[in-house]
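Dear colleague,

I am handing over the structure below. My notes on what was found in it follow.

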Amino acid sequence: MLKLPNELSIVQVDVLHQDLLSELNNSRDICLDISDVMSADTASVQLLCALQKHLLTINQKIAWVGSSDALTNAIEQLGLSEYLASESTN
């Protein structure tokens, strides 16, 4: 499981990208703990979309742990709610 930071912004996208690649290499399922996310920008949501796109090619989805109003709102504002469905698996 990968715990996402408090702030998902373009400043952290490169580090998050590397963390996601590492997680992809280490396990089949991608589980993201979003419980601490307090803000999210377009760049971070775009990265999560790229992850979701890759996972769909191998018949998988992101498993979300916890909840984040900030991330949910950013996803909704970008019109990606169906693509990045963030139902929590708590």
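**Helix H3 and its surroundings**

H3 is followed by Gly79, which has a positive phi, near 70°. Helices (H or I, at least four residues) and strands (E, at least two) are DSSP runs, numbered from the N terminus. This is a predicted model, in which local features need pLDDT of at least 70, side-chain atom pairs count only at pLDDT 80 or more, and totals for chains, interfaces and linings use all residues. Residues are numbered from 1 along each chain as its sequence is written, and side-chain values use heavy atoms, with hydrogens and water left out.

Helix H3 covers residues 69-77, and its buried residues are Leu71, Ala74 and Ile75. Down the axis of H3 they fall within an arc of 100°, so they line one face of the helix; the arc is that of the directions from the helix axis to the C-beta atoms. Buried means under 20% relative accessible area, exposed over 50%, and partly exposed in between (1.4 Å probe, protein chains only). Asp69 and Gln77 are exposed on the face turned away from the buried side. The buried residues of H3 pack against strands E2 (7-8), E4 (39-40) and E5 (62-65), and against helix H2 (42-57); contact means heavy atoms within 4.5 Å.

**The sheet**

An open sheet is formed by 3 strands in the order E1-E3-E5, with parallel pairing. Its edge strands, E1 (2-3) and E5, each pair on one side only. Two strands pair if DSSP finds at least two bridges between them. E3 (residues 30-33) and E5 pair over 4 bridges, and Ile30 stands opposite Ile62 in E5.

Regards
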